[in-house]
Amino acid sequence: MRVHVRPALPHSEGELIAGCLAGDQAAFTELYARHAERVYVRVVRLIGPGPDCEDVLQQVFVALFRALPRYRGEAQLSTFLHRITTNVATDHLRARGRRPIDLDAAALDVLIDGDPTPDERARRRAELRQVFTLLDQLRPERRVAFVLVAIEGLSLEEAAGQLGAAPDAVKQRVVRARGELRGLVADAERGHAR
C-alpha cells in the first residue's frame, strides 16, 4: 500500500522544524507529507512488504517527533530521519523474530518501478518474494546492514552512521549476510534439483 500525502507547501525545512518545536501541528504534518513516501519505501525494503509497514511508518514519525528537540541541524533532516527509520525497523525485526511475513501482490508492487507488462510484473513479484523470504532468515542487524549497503547502495561509512556502528562492524555484518544468503540460495537450489 502506498502512502498518500498531499503536495508539500513551500516552507523551508528549517521553518517547519522550528514550527514543530513550537508545537505547530501543521508544520509536523507538512514534514510528514514531505518525507513519508521515502520513509515508507525504506521501511518496506528493511522489514519486507506487509501489513506491518504502515505501523512502522507511524512509529518512525512518532520517534521523529520525540527526537526533534535533539536535532541540531548538523546533518540534513532526511539523514536524521533515515537513522530513526533504520533504528525503528531494526527494533521491529528483533521483535518479530524470524517468522515469515505475508507477501501479497499489492505489497510487492510498492517496490516495482515503472509500468511493466503483467508478465514482467509477475516475474518481479516472484523474485521479490524469494529475496524477502531469504532476508527473513537473517539476524536483524545483518539484514539491515545488507539492505542498506547492497540494496540501497550506501557506503559502509553512510550505513555506519545510520546504524550507529563502526564501518568495520557494518562490513562484517554485510559479509556475513552475503555468506548466509549464498548458503540459503545454494540450499534452495539443491532442494529444487531433487
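Visitor: Is alanine 27 buried or exposed?
Guide: In this predicted model, alanine 27 is buried, because its relative accessible area is 4% and the cut-off for buried is under 20%.

Visitor: Which helix holds alanine 27?
Guide: Alanine 27 belongs to helix H2, which covers residues 25-47.

Visitor: And what does alanine 27 touch, apart from its sequence neighbours?
Guide: Once the neighbours within four places in sequence are set aside, alanine 27 has contacts with Leu16, Gly19 and Cys20.

Visitor: How many residues separate alanine 27 from glutamate 13 along the chain?
Guide: They are 14 residues apart along the chain, and 9.3 Å lies between their C-alpha atoms.

Visitor: Let us turn to the whole protein. How many helices and strands does the protein have?
Guide: There are 9 helices and 0 strands. Read from the N terminus, the order of elements is α-α-α-α-α-α-α-α-α.

Visitor: What percentage of the residues count as buried?
Guide: The protein has 194 residues, and 42% of them count as buried.

Visitor: What share of the contacts joins residues 24 or more positions apart?
Guide: Among contacts with a separation of 6 or more, 64% are between residues 24 or more positions apart.

Visitor: What does threonine 86 touch?
Guide: Without counting residues up to four places away in sequence, threonine 86 touches Arg42, Leu46, Val144, Leu148, Gln162 and Leu163.

Visitor: What about leucine 93: which helix is that in?
Guide: Leucine 93 is also found in helix H4, which spans residues 77-96. Leucine 93 counts as buried, because its relative accessibility is 3%.

Visitor: Which residues are in contact with leucine 93?
Guide: Beyond the neighbours within four places in sequence, the contacts of leucine 93 are Leu46, Ile47, Pro140, Arg143 and Val144. Leucine 93 and leucine 46 are 47 residues apart along the chain, with 8.6 Å between their C-alpha atoms.

Visitor: How does one describe two packed helices?
Guide: One gives the angle between their axes and the distance between those axes.

Visitor: Then at what angle do H4 and H7 cross?
Guide: H4 and H7 cross at roughly 140°, and their axes come within 9 Å. The two helices are therefore oblique to each other, and their crossing is right-handed.

Visitor: Which residues make that contact between H4 and H7?
Guide: From H4 come Thr86, Thr90, Leu93, Arg94 and Arg96, while H7 provides Pro140, Glu141, Arg143, Val144 and Leu148. Sorted by class, this contact of H4 with H7 has 4 nonpolar, 2 polar and 4 charged residues.

Visitor: What is the angle between H7 and H8?
Guide: Helix H7, residues 140-151, packs against helix H8, residues 156-163, at an angle of about 140°, and the axes are 9 Å apart. That angle makes H7 oblique to H8. The crossing of H7 past H8 is right-handed.

Visitor: Who takes part in the contact of H7 with H8?
Guide: H7 contributes Val144, Ala145, Leu148 and Val149, and H8 contributes Leu156, Ala159, Gln162 and Leu163. By class, the contact of H7 with H8 holds 7 nonpolar residues, 1 polar residue and no charged residues.

Visitor: How many residues lie between valine 131 and glycine 48, counted as a separation along the chain?
Guide: Valine 131 and glycine 48 are 83 residues apart along the chain, yet their C-alpha atoms are separated by 9.4 Å.

Key:
Residues numbered from 1 in each chain as written. Predicted model: local features only at pLDDT ≥ 70, side-chain atom pairs only at ≥ 80, totals over all residues. Heavy atoms only, no water. Helix = DSSP H or I, 4+ residues; strand = E, 2+ residues; numbered from the N terminus. Buried < 20%, exposed > 50% of the residue type's maximum accessible area, 1.4 Å probe, protein only. Contact = heavy atoms within 4.5 Å. Axes fitted to C-alpha atoms, helices over the stretch in contact; angles between N-to-C directions. Parallel < 35°, antiparallel > 145°, perpendicular 65-115°, else oblique. Left-handed = near helix turned anticlockwise from the far one by under 90°. Nonpolar A, V, L, I, M, F, W, Y, C, P; charged D, E, K, R; others polar.
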